[in-house]
Amino acid sequence: MQVFKAGIEMASRWAIVCLRTYLKGRNFSSSCASAKPLHVCIVGSGPAGFYTAEKMLKRYEQANVDIIERLPTPFGLVRSGVAPDHPETKVVVNQFSRVGANERCSFFGNVSLGKDISLMDLHKLYHVVVLAYGAESDRELGIPGENLAGIHYAREFVWWYNGHPDCRYFPVDLQSTDTAVVLGQGNVALDVARILLRPLNELGTTDIAEHALSALQKSCIRKVYLVGRRGPVQAACTAKELREILGIQGVNVHINEADLVTSSLDEEETKKNRSKKRVYELFCKAAKSKSCQEFSTHDRDLHFVFFRKPERFLPSIDQRKVAGVRLQKTILKGDDATSYQYAVGTGEFEEIESGLVLKSIGYKSLCVDEFPFDHNKERAERDPTARAQSQRG
């Protein structure tokens, strides 16, 4: 482990030397503001970074674009966020590779903003600096027991099975419990549930990380609960993702048909949004088809739990690990003018026993270096002064 860490640090130092030497050779400091070429630095090499680079190179024939990335490899979420059983989504890497092959585009890995180089340094060296480093942190629920062992962010689990270096040694325990609770019903939530339940012979044909496949081969997880605060109409997943998880072989799908009853506001939502309508129809179809089966020999179960919000995490006897989740039943209240509906607790509770909880409740950006940051909105602020200076010349 120490050798690995030392290797990364050495690579990082070498990357900084290369970057500084390269910039010095290009000789474009603040004095180049009036020069014809446009020098752009993009922080972050995910989809946002590469799409920005592509547009800049096409729009400005004299633009030179440098992309810096804290990891040794590019492509961000395409590499570490897309599920391994979705190779078609990763095809966009070919487009990004063509951008990187442009003679006016350069990539520098192992360079961390705020650690290896400051935003002020970049501001002095480039006409434009684009922050495209994404959201690498997670939102908290802020409920009792959230720090118990066995409770993880879904992002960490995704990074783990995709081989992200930050989560190579992610301490997920798949052998001490047969039940996992996933909080959230968006695409990421469905991804992690699908990876937990998908047959190993299918996962083995993907580019899933070897350490993750080995752990999943020993997994005892047989039941997964996908919990949402609101109803099936408001589920944040896409029809494509939902259709895929509903079609996993060897899995019983459980949906409470009473949760599928819609209100007038629900119907208004589905009329305005075709995607929501398709998702709702898939839930209805799955509930109807499963209810016709008197019994099943499948050994794995997927439960969609609607109208429930987590109230607290229940500890094990030794108070160290999670043993379950206490959920409060909810109802929806909304505004007739906007049709938006939010969940309100009813004061009724129920519990799910589980030794593994994955929170998929949204991401948040981190403050990087000295850039103004709005911690309430969890995003970078626009700094009029820096913005004006960056547009010099």
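How many bridges join strand E8 (residues 223–227) to E10, and do the two run parallel or antiparallel? Five bridges join E8 to E10, and the strands run parallel. The model is predicted. The protein it shows has 13 helices and 17 strands, and 46% of its 393 residues are buried.

**Overall fold**

- Among contacts with a separation of 6 or more, 76% are between residues 24 or more positions apart.
- The protein has an accessible surface of about 20,700 Å². Carbon and sulfur atoms account for 51% of that surface.

- Strand E10 covers residues 300–305, and six of its six residues are buried, so the strand is largely enclosed by the rest of the structure.
- Arg300, Leu302 and Phe304 point one way from E10. Asp301, His303 and Val305 point the other way, and the residues of both groups are all buried.
- Strand E9 (residues 251–255) is also joined to E10, by five bridges, and these two strands run parallel.
- Phe304 of E10 is the bridge partner of Leu226. Phe304 is the bridge partner of Ile255 as well.

**The cavity**

- The count of cavities of 30 Å³ or more comes to one. The volume of the largest cavity is about 50 Å³.
- Its lining consists of Ile195, Leu196, Arg198, Leu200, Leu203, Leu216, Ser219, Ile221, Arg222 and Arg300.
- By residue type, the lining of the largest cavity has six nonpolar, one polar and three charged residues.
- Helix H7 (187–197) and helix H8 (200–203) each contribute at least two residues to this lining.
- Arg300 ties this topic to the previous one: this residue lines the largest cavity and is among the buried residues of E10.

**Glu348 in strand E13**

- Glu348 belongs to strand E13, which spans residues 341–353.
- The relative accessible area of Glu348 is 44%; buried means under 20% and exposed over 50%, so Glu348 counts as partly exposed.
- Leaving out residues up to four places away in sequence, Glu348 touches Leu327, Gln328 and Lys329.
- Thr330 is 18 residues from Glu348 along the chain, and the C-alpha atoms of the two are separated by 8.2 Å.

Key. Residues are numbered from 1 along each chain as its sequence is written. This is a predicted model: local features need pLDDT of at least 70, side-chain atom pairs count only at pLDDT 80 or more; totals for chains, interfaces and linings use all residues. Side-chain values use heavy atoms; hydrogens and water are left out. Helices (H or I, at least four residues) and strands (E, at least two) are DSSP runs, numbered from the N terminus. Buried means under 20% relative accessible area, exposed over 50%, partly exposed in between (1.4 Å probe, protein chains only). Contact means heavy atoms within 4.5 Å. Accessible areas come from the Shrake-Rupley method with a 1.4 Å probe; for residues, only the protein chains shown count as cover. On a 1 Å grid over the protein atoms alone, a cavity is a set of points where a 1.4 Å probe fits but cannot get out, and a pocket is an open set with protein on both sides within 12 Å along at least five of seven lines; lining residues have an atom within 4 Å of a point. Grid points are joined across faces, edges and corners, and a volume is the space filled by probe spheres set on the points. Ala, Val, Leu, Ile, Met, Phe, Trp, Tyr, Cys and Pro count as nonpolar, Asp, Glu, Lys and Arg as charged, and the others, Gly among them, as polar. Two strands pair if DSSP finds at least two bridges between them.
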